[in-house]
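Have the viewer open while you read.

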Amino acid sequence: MGSAATFCLLCCLALWSGAVGFSGGEKKTTTGEIHSKTSEVGWPGYLYTRAEGRCTPQYWSSGSEAWPNIVPKEAAISKVFGSRVLERYEPSLTLLDATQRNDDVGGSAFAKLVKHASAALLNAYARDGFPYDSWEVKVLMLQALVSEEAAASQAEQFEQANLSCT
C-alpha cells in the first residue's frame, strides 16, 4: 500500500504543477501555432507529435531515423552518385557530411546541390510517394554539375521536393 500511496502522490504533484499538460494550458507562439505544455517539457511523442520536416537534410543528419540500408551514412558521395562528382567535391565527402553542410546559404550552388540531392536520395529510398526515384536523383545530380545555374536550379527543385514530402 505504501508504493500505491507514493504513486498517487507523484501523480497529484504532476497534475498540480501542470507539467503533464492536462490542466488545459496552451501557449500561442509568435507564428500563431498552439503548443501544449507537454511539448515544452519534452515528454514522449505519444502525447504530442509533429511530423514536420521529416525529409529535410537537417532531419536526416540529426539521426532521428535510421538511414536506408542501401546508402550508409559513411558512404562517399562519389560511390553513391558516381565518380563525376569528384570534379566538384572532395573525395572524402560522405552522405552524412553532405546533409550536415551549412555553407549552402549564401554560398555556392554546388554546396546546396549536394546537400539537397543527398536528402532527396535518402527520401527516394525511404519515403513512399516521394516525387523522385533514386535513379532520377542520381541522374539529375550529375546533370546539374555542368554549371552554377544548373546546380542552383536543380538544388531548388530538390529542396522543394524535400520540404513538401511527408
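The buried residues of α7 pack against α4 (77–81), α6 and α8, where contact means heavy atoms within 4.5 Å. Helices here are DSSP runs (H or I, at least four residues), numbered from the N terminus. Keep in mind that this is a predicted model: local features need pLDDT of at least 70, side-chain atom pairs count only at pLDDT 80 or more, and totals for chains, interfaces and linings use all residues. Residues are numbered from 1 along each chain as its sequence is written, and side-chain values use heavy atoms, with hydrogens and water left out.

Which residues of α7 (134–143) are buried? They're Ser134, Val137, Met141 and Leu142, with buried meaning under 20% relative accessible area (1.4 Å probe, protein chains only). Down the axis of α7 these fall within an arc of 125°, so they line one face of the helix; the arc is that of the directions from the helix axis to the C-beta atoms.

Next, α6 (109–126) and α8 (148–164): their axes come within 8 Å and cross at roughly 35°. Axes are lines fitted to C-alpha atoms over the stretch in contact, with angles from 0 to 180 degrees between N-to-C directions.

Now the disulfide (cysteine sulfur atoms within 2.5 Å). The structure holds one, joining Cys55 to Cys165 with S to S at 1.9 Å. Cys55 lies in the loop between α2 (37–41) and α3 (57–62) and Cys165 in the segment after α8, so the pair ties together parts 110 residues apart in sequence.

| Residue | Relative accessible area |
|---|---|
| Cys55 | 0%, buried |
| Cys165 | 15%, buried |

How values were computed:
Helices (H or I, at least four residues) and strands (E, at least two) are DSSP runs, numbered from the N terminus. Buried means under 20% relative accessible area, exposed over 50%, partly exposed in between (1.4 Å probe, protein chains only).
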